[in-house]
Amino acid sequence: MEQPNRFEESAALIRKLSVTLFVFFIAIAGILVYLMVDPSLSAFTSKPETTLTVVETIDTKDDFDAIENGIHLRTGFIADNGLMTVVNNCTNCHSAKLVTQNRMTKEGWSATIKWMQETQNLWDLGDNEVIILDYLAKNYAPEKKGRRENLTNIEWYTLN
(Lines give C-alpha, C1' and ligand atoms only; values in the text may rest on other atoms or scores of the structure.)
Protein backbone atom coordinates (compact mmCIF):
# COMPACT_ATOMS: atom_id res chain seq x y z
CA MET A 1 0.00 0.00 0.00
CA GLU A 2 2.92 2.22 0.39
CA GLN A 3 3.46 2.37 -3.38
CA PRO A 4 0.21 4.27 -4.26
CA ASN A 5 0.80 6.78 -1.44
CA ARG A 6 4.29 7.54 -2.72
CA PHE A 7 2.95 8.05 -6.20
CA GLU A 8 0.24 10.43 -4.96
CA GLU A 9 2.80 12.34 -2.89
CA SER A 10 5.13 12.62 -5.89
CA ALA A 11 2.26 13.76 -8.12
CA ALA A 12 1.19 16.35 -5.52
CA LEU A 13 4.77 17.60 -5.23
CA ILE A 14 5.14 17.88 -9.01
CA ARG A 15 1.79 19.69 -9.26
CA LYS A 16 2.82 22.11 -6.48
CA LEU A 17 6.21 22.70 -8.18
CA SER A 18 4.63 23.28 -11.61
CA VAL A 19 2.07 25.73 -10.14
CA THR A 20 4.88 27.57 -8.34
CA LEU A 21 6.95 27.79 -11.56
CA PHE A 22 3.89 28.93 -13.54
CA VAL A 23 3.15 31.70 -11.01
CA PHE A 24 6.83 32.71 -11.03
CA PHE A 25 6.95 32.99 -14.85
CA ILE A 26 3.67 34.89 -14.95
CA ALA A 27 5.05 37.35 -12.35
CA ILE A 28 8.29 37.85 -14.33
CA ALA A 29 6.32 38.30 -17.58
CA GLY A 30 4.08 40.87 -15.87
CA ILE A 31 7.08 42.80 -14.59
CA LEU A 32 8.69 42.79 -18.04
CA VAL A 33 5.49 44.00 -19.70
CA TYR A 34 5.18 46.76 -17.11
CA LEU A 35 8.79 47.83 -17.72
CA MET A 36 8.12 47.99 -21.45
CA VAL A 37 5.13 50.24 -20.81
CA ASP A 38 6.80 52.35 -18.10
CA PRO A 39 10.59 52.02 -18.44
CA SER A 40 11.23 54.67 -15.80
CA LEU A 41 11.30 51.91 -13.16
CA SER A 42 14.18 50.12 -14.83
CA ALA A 43 17.64 50.35 -13.29
CA PHE A 44 19.06 50.63 -16.82
CA THR A 45 17.42 53.90 -17.76
CA SER A 46 19.73 56.53 -19.14
CA LYS A 47 19.71 60.17 -18.20
CA PRO A 48 17.24 62.15 -20.24
CA GLU A 49 18.86 63.90 -23.16
CA THR A 50 18.57 67.62 -23.37
CA THR A 51 17.53 68.67 -26.82
CA LEU A 52 17.72 72.12 -28.23
CA THR A 53 15.36 73.02 -30.99
CA VAL A 54 16.27 75.97 -33.15
CA VAL A 55 13.56 77.29 -35.35
CA GLU A 56 14.65 79.63 -38.08
CA THR A 57 12.11 81.20 -40.31
CA ILE A 58 13.20 82.19 -43.75
CA ASP A 59 10.97 84.30 -45.89
CA THR A 60 11.58 82.40 -49.11
CA LYS A 61 9.46 84.78 -51.13
CA ASP A 62 11.88 87.66 -50.60
CA ASP A 63 15.18 85.75 -50.27
CA PHE A 64 14.67 83.13 -52.99
CA ASP A 65 16.71 85.01 -55.59
CA ALA A 66 18.58 87.37 -53.27
CA ILE A 67 22.05 88.46 -54.32
CA GLU A 68 24.51 89.78 -51.78
CA ASN A 69 28.07 90.94 -52.51
CA GLY A 70 27.76 89.61 -56.06
CA ILE A 71 26.80 86.09 -54.96
CA HIS A 72 23.41 84.41 -55.45
CA LEU A 73 22.67 83.42 -51.84
CA ARG A 74 20.62 80.30 -52.51
CA THR A 75 23.16 78.66 -54.84
CA GLY A 76 26.47 80.41 -54.29
CA PHE A 77 26.75 81.23 -57.99
CA ILE A 78 28.41 84.45 -59.08
CA ALA A 79 25.83 87.07 -60.09
CA ASP A 80 26.24 87.75 -63.80
CA ASN A 81 24.33 87.57 -67.09
CA GLY A 82 22.80 84.14 -67.53
CA LEU A 83 22.70 83.36 -63.80
CA MET A 84 19.04 82.35 -63.67
CA THR A 85 19.38 80.24 -66.82
CA VAL A 86 22.21 78.34 -65.14
CA VAL A 87 20.25 78.04 -61.89
CA ASN A 88 17.13 76.78 -63.67
CA ASN A 89 18.96 74.23 -65.81
CA CYS A 90 21.82 73.02 -63.63
CA THR A 91 20.35 72.83 -60.14
CA ASN A 92 17.39 70.70 -61.23
CA CYS A 93 19.61 67.61 -61.20
CA HIS A 94 22.53 68.40 -58.92
CA SER A 95 23.79 70.79 -56.30
CA ALA A 96 25.22 74.15 -57.29
CA LYS A 97 28.35 73.09 -55.39
CA LEU A 98 29.10 70.63 -58.18
CA VAL A 99 29.41 73.60 -60.54
CA THR A 100 31.18 76.03 -58.22
CA GLN A 101 33.89 73.55 -57.21
CA ASN A 102 34.91 72.99 -60.85
CA ARG A 103 36.90 75.20 -63.19
CA MET A 104 36.87 74.54 -66.94
CA THR A 105 37.26 76.26 -70.24
CA LYS A 106 34.28 76.78 -72.53
CA GLU A 107 35.24 73.58 -74.35
CA GLY A 108 35.48 71.70 -71.04
CA TRP A 109 32.04 72.89 -69.94
CA SER A 110 30.63 71.98 -73.38
CA ALA A 111 32.13 68.48 -73.13
CA THR A 112 30.66 68.10 -69.64
CA ILE A 113 27.21 69.10 -70.88
CA LYS A 114 27.48 66.65 -73.79
CA TRP A 115 28.54 63.90 -71.35
CA MET A 116 25.54 64.66 -69.12
CA GLN A 117 23.25 64.53 -72.17
CA GLU A 118 24.68 61.20 -73.32
CA THR A 119 24.93 59.43 -69.97
CA GLN A 120 22.80 61.28 -67.41
CA ASN A 121 19.65 62.03 -69.47
CA LEU A 122 20.19 65.79 -69.56
CA TRP A 123 17.67 67.36 -71.90
CA ASP A 124 18.55 69.38 -75.00
CA LEU A 125 19.34 72.87 -73.76
CA GLY A 126 18.58 74.54 -77.08
CA ASP A 127 19.41 78.27 -77.13
CA ASN A 128 20.11 78.14 -73.39
CA GLU A 129 23.29 76.13 -73.99
CA VAL A 130 25.12 79.18 -75.39
CA ILE A 131 24.00 81.32 -72.42
CA ILE A 132 25.06 78.62 -69.94
CA LEU A 133 28.43 78.06 -71.60
CA ASP A 134 29.18 81.80 -71.73
CA TYR A 135 28.28 82.18 -68.04
CA LEU A 136 30.32 79.15 -66.92
CA ALA A 137 33.35 79.96 -69.09
CA LYS A 138 33.43 83.53 -67.77
CA ASN A 139 32.78 82.89 -64.07
CA TYR A 140 34.18 79.38 -63.56
CA ALA A 141 37.17 79.35 -65.89
CA PRO A 142 40.47 77.74 -64.86
CA GLU A 143 42.60 79.90 -62.60
CA LYS A 144 46.34 79.73 -62.43
CA LYS A 145 47.12 80.03 -58.77
CA GLY A 146 49.12 78.04 -56.30
CA ARG A 147 47.99 75.92 -53.46
CA ARG A 148 46.31 78.88 -51.87
CA GLU A 149 46.14 82.58 -52.47
CA ASN A 150 48.72 84.82 -50.83
CA LEU A 151 47.78 86.24 -47.47
CA THR A 152 46.96 89.94 -47.59
CA ASN A 153 46.08 92.57 -44.99
CA ILE A 154 47.71 90.63 -42.17
CA GLU A 155 48.95 92.32 -39.01
CA TRP A 156 52.13 90.43 -38.19
CA TYR A 157 53.54 90.52 -34.70
CA THR A 158 56.78 89.38 -33.15
CA LEU A 159 56.81 86.44 -30.78
CA ASN A 160 58.77 87.03 -27.61
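Okay, let's start with a term: helices (H or I, at least four residues) and strands (E, at least two) are DSSP runs, numbered from the N terminus.

A word on what we're looking at. This is a predicted model, where local features need pLDDT of at least 70, side-chain atom pairs count only at pLDDT 80 or more, and totals for chains, interfaces and linings use all residues. Residues are numbered from 1 along each chain as its sequence is written, and side-chain values use heavy atoms, with hydrogens and water left out.

So, the overall layout. The protein chain has 6 helices and 2 strands. Reading from the N terminus, the order of elements is α-α-β-β-α-α-α-α. Of the 160 residues in the chain, 17% are buried; buried means under 20% relative accessible area, exposed over 50%, and partly exposed is in between, with a 1.4 Å probe and protein chains only. Now contacts, meaning heavy atoms within 4.5 Å. Take those between residues at least 6 apart in sequence: 46% of them join residues at least 24 apart.

Let's go inside. A nonpolar core here is a set of buried Ala, Val, Leu, Ile, Met, Phe, Trp, Tyr and Cys residues joined through side-chain atoms within 4.5 Å. The largest one has 18 residues, and F77 and L136 have the most contacts inside it. Two or more residues each come from helix 3 (83–90), helix 4 (96–100), helix 5 (106–119) and helix 6 (128–139).

You'll find F77 in the loop between strand 2 and helix 3. Is F77 buried or exposed? F77 is buried, at a relative accessible area of 0%. And what does F77 touch? Leaving out residues up to four places away in sequence, the list is G70, I71, H72, L83, V86, V87, T91, A96, V99, T100, Y135 and Y140. Take V87 from that list: F77 and V87 are 10 residues apart in sequence, and their C-alpha atoms are 8.2 Å apart in space.

Next up, helix 3. How many of its 8 residues are buried? The count is 6, so helix 3 is mostly covered. The buried ones are L83, T85, V86, V87, N89 and C90. Their cover includes strand 1 (67–68), strand 2 (71–72), helix 4 and helix 6.

That brings us to how the helices pack. Two packed helices are described by the angle between their axes and the distance between the axes. The axes are lines fitted to C-alpha atoms, for helices over the stretch in contact, and angles run from 0 to 180 degrees between N-to-C directions. As for the wording, under 35 degrees is roughly parallel, over 145 roughly antiparallel, 65 to 115 roughly perpendicular, and the rest oblique.

Helix 3 and helix 6 pack at about 110°, with axes 9 Å apart. That angle makes helix 3 roughly perpendicular to helix 6. On the helix 3 side the contact uses L83, T85, V86 and N89, and on the helix 6 side N128, I131, I132, Y135 and L136. Those residues split into 6 nonpolar, 3 polar and no charged.

Now helix 5 against helix 6. Here the angle is about 130°, and the axes are 9 Å apart. That makes helix 5 oblique to helix 6. Who meets whom? From helix 5 we have K106, W109, S110, I113, K114 and Q117, and from helix 6 E129, I132, L133, D134, L136 and A137. This contact divides into 6 nonpolar, 2 polar and 4 charged.

Last, a few residues on the outside. K97 is found in helix 4 and is exposed, with a relative accessible area of 58%. K97 and T75 are 22 residues apart in sequence, yet 7.6 Å apart in space, C-alpha to C-alpha.

And back to N69, as promised. Its phi is near 55°, a positive value in a residue other than glycine, and N69 is exposed at 75% relative accessible area. N153 also has phi near 55°, positive again in a non-glycine residue. N153 sits in the segment after helix 6, and counts as exposed at 80% relative accessibility.

Technical notes: Ala, Val, Leu, Ile, Met, Phe, Trp, Tyr, Cys and Pro count as nonpolar, Asp, Glu, Lys and Arg as charged, and the others, Gly among them, as polar.
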